[in-house]
Structure formats: C-alpha cells, structure tokens
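Here are my notes on the model, as numbered points. Please read them with the structure open.

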Amino acid sequence: MEKITSLCKRRGFVYPSSEIYGGMQAIYDYGHYGTLLKNNIRDAWWKAMVQLRDDVVGLDSAIFMHPTTWVASGHVGGFNDPQVDCKKCKSRFRADHILEEFGINADKAPLDELNGYLDKLREEKKLKCANCGSTDLTPAKIFSLMVKSNIGSPTDELKEESVVYLRPETCGGIYLEYKNTIDSLHRKLPFGIAQVGKAFRNEIVARQFIFRTREFEQMEMQYFLHPDMMKEKYEEWKATRWAWYLEYGIEENKIHWYKHEKLAHYASEAYDIEYNFKTLGGFKEIEGIHARGNWDLSQHSKFSGVELNYFDEKTGEKFIPHIMETSVGLGRLVFMFLDQSYTEEIVGEETRVVLKLDKRLAPVKVAILPLSKKEELSVPAKEIWNTLKQNFIVEYDETQSIGKRYRRQDEIGTPYCVTVDFETLSDQAVTVRDRDTMAQERIKISELENYFKEKLG
Ligand code: GAP
C-alpha cells in the first residue's frame, strides 16, 4: 500500500484532497496521470457497455435530484452503516468491518446481532481500537450515509423539510429518466441505460486509499426487461462483465464471484466480482451485479403518481419492467489496475518500478526522448512529437539522463519510448523501446505513425 500511495503522489496520479489545509479524510484528487488513466478506464467501460451494443443507451443525469427520490428508494432512513467510536482517540469504525477482522461475517446484520458479537469480543478482552489500542469503544449505533445540502433552500439550516441530498448512487437518475428515454428514443425491452457520474456517501472509513471514498464515481447500467428474461440476461451480463476484466489484463486467478446470501427483500440474485488486492491483503468487492425485480420503478411510480409501465405491443401485456444492474466504482478500478500492474524488477544493480498496464489504459502512450538538448536533436524530436500528438497522448522530455527518463516513463506505464540520437540525423530513424521487454528496435521516422497505430490500436 505504502509503495502504491507514494508512487501515486510522487508521480501525479492521486493526491489527498485539500492537503495544504490538513486534508479531508477519504476524499482524493486525481493528478495529470491519474486523470488520464481514469478517463481511459471510463472510456473502455463506455465502449463495451454503450458503443459496441445496440441495446444500451447513455445518460448523464444531475447529481441533485428531487428529495422524494431517496425516500421512495428507501435511502432516507434506511441507508445506514453501524458505527463504533473509540472514546479515547475519537477514531470511527464500521462494526461489521471490526467483526470481519475476527472472521465474523456480519454484513447487513441488525444492530442487536452486531452488538451481541461485539459484547462477546469485549468479554474476551479482544476488542481494541485499531488506532490507539484503547478498549474503551462505544456499542454500535446507526449512522446515515446520506450527504445533505441546502441547494435551492430559502434557509441556511439543513431542516428535514428543506434538505436536498447528494446522490448516494447514480442509478437513481436512470430510474427517473426511464420514461423520458422510452418516450424520446422509442426503445423496446430489453434495453439498458448506462451512466458514469459522481456519488457521495458519508462512509465510515478505514485507511484504504481510494478503495472507499466519500466522493466517488460510479459506472452503472440498468437493464430493463420482462421478468421472464431475468435468468437468461443475468447470466449473459455476468459473463460479459467477467470477460471485460480479462480483456484489460486482469489475471483470471485474481478475481472471483462472491454470492450474496442476504439479499434485499426485492432482489432475487446478487453477485460481486471481487479482486485479490496485494495492497489490501485479500479479495475485495469491485463490481456488483444485481437482479432488482421491479422495486425501483414501482416505488418511483407510487411516490410520483406517474405510471412507469411498459406496454408490449406484440403480446398486449402491460407491466412494470424488472431491472438487472451492473455497478462499479471507477476509483476502485483505478486502484485495481494500479495494484495489478505495479511491478518491481531487478535490472543490473537497480530495481525497476514499472506499471504493466494494458496499453489502451496507459496514461501516456509514447514518450519522445532526444539524447541531447541540442537543437540538432530537439528540433527533429519536437517534429515527431507534433506529428504523433495528433493521434496519441505523447510526452516530450529532454531533462536528465536517458536512463532516468526511461525509469520515469516505466513508473507511469508508458508503453513506448522513442529515442532521437545523433544517428537519426543521417538515417532518419529512431530507437523505439518497449516498456515490458525493454527490447529496442530501429524504426524510420516516416513509418512511426503507422507503427504506433498498429501497436496501440
Ligand atoms: N446501485 C447499486 C450500488 O450502488 P453498491 O454495492 O453500493 O451498489 C456499487 O456500489 C459499486 O460502487 C461497488 O461495487 C464499488 O465498486 C463502488 N462503490 C460503492 N461505494 C463506494 C465508495 N464509498 N468508494 C468507492 N467506490 C464505491
């Protein structure tokens, strides 16, 4: 973890938010390379989920939504975590996470059951604050994850009647735009709506870097269908999402399915894809795939008074569509790809740190490195940069030794480095170095663009 977080800060991937003011817990900013990596992952998801399909359309709904949305969905009053506080150092923990450390699975367990387990650990003198070691911990109590705002409110106060929520999940916007999508795009069932956007949760967090944050991006797809199709489509989507991870270089033995035994009352099936994090010491949830029944549209129809039915012209049947969702956190994917690709190799006497990212996800595709700062080399090197940057994210770097520049590019996962040397002036060719093998080949400048188009896709 220390190695990844320090690389992220040192090389401009991820910074703690508001650091000069002491920071904000579980909120992070993405620097230049982090933003490029995150955008590439987002685009890879969008390509698979929307661009390559004829049954999924896109959406970008607002973060702020009518407050009744979250009453109808059950979040107001029901979206809670069990919180335990250390009375000595004021650290805050999730009760189910404390129990997980003792091998007790208390996910979604009621408060009295959680406190039963905690009391037993207390009696056995095993219950201690993970931060300061104190045994003076409170019993578990309910803590709402909803983040409130006064947007549009005539008062400064966050009164229940004037409060507006920052969405805790992006799918709420999809349910509310189901009707507009049907009416404007004339979609027939089954079809999906996908969106990427920010979500906010007042998480009780352990130190897990960008795994669990209070502000995060979700990539969600809600697939609307007739209930008779649920089983078939659920299996199809499970296979589709599994294949996506393999396509982008996640090793098959590093992911597995986790089946939820305790389901929400409206759900018929829920599986998570879990990834085995080196940094977090085990399998953790990456993506959820849920069969949600017709709960969401039924609730919004009930609370809004607007019919959210679907009329099947072929069968004459009128019904509220059922929903199958895929839901993944974008920051969590950034973390997973960093965790998987971070590699240390011994080269000569040195340790080489390299991010072996899929080339499509790498923040920078090509680095142009003239061997000398002299105009003789910098002028042709900049010409190459000017040509290639029209199609790829390309970086120009003429500072420090060539060895140091290679290491810098390895650390951010750049698949190719182009060295412009004095021979270039006579043979009109450059040396291209491959990040993973470190093999070098000589390529004519006139062939470079096509060479990279082929290599990078
Ligand atoms: N609409 C369903 C839903 O939101 P969830 O299991 O609460 O389900 C889905 O969240 C995914 O969103 C998770 O698998 C995870 O990748 C991501 N996620 C949830 N909470 C997060 C947080 N606090 N920080 C980062 N990612 C989070």
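Predicted model: local features only at pLDDT ≥ 70, side-chain atom pairs only at ≥ 80, totals over all residues.

1. Strands β13 (residues 282-291) and β16 (residues 322-329) run antiparallel and are joined by five bridges.

2. β13 and β16 belong to an open sheet of seven strands, ordered β3-β9-β10-β16-β13-β12-β11, with mixed pairing. The edges are taken by β3 (56-58) and β11 (255-259); each has a single partner strand, so one side of each has no neighbour in the sheet. On average, neighbouring strands of this sheet are turned by 25° against each other, direction ignored.

3. Which helix lies across β13 and β16? It is α8 (residues 230-247), which also lies across β3, β10 (215-225), β11 and β12 (269-277). Helix α8 runs at about 145° to β13.

4. A separate point concerns D434, a residue of strand β22 (residues 429-434). D434 is buried but has no salt bridge.

5. What does the side chain of D434 reach at 3.0 Å? The backbone nitrogen of T437 lies at that distance. Leaving aside residues up to four places away in sequence, D434 touches P415, Y416 and A439.

Notes: Residues numbered from 1 in each chain as written. Heavy atoms only, no water. Pairing = 2+ DSSP bridges. Helix = DSSP H or I, 4+ residues; strand = E, 2+ residues; numbered from the N terminus. Axes fitted to C-alpha atoms, helices over the stretch in contact; angles between N-to-C directions. Contact = heavy atoms within 4.5 Å. Buried < 20%, exposed > 50% of the residue type's maximum accessible area, 1.4 Å probe, protein only. Lys, Arg positive; Asp, Glu negative; His and termini not counted. Salt bridge = Lys/Arg side-chain N within 4 Å of Asp/Glu carboxyl O. Polar contact = N/O pair within 3.5 Å; in protein donor to acceptor, adjacent residues only side chain to side chain.
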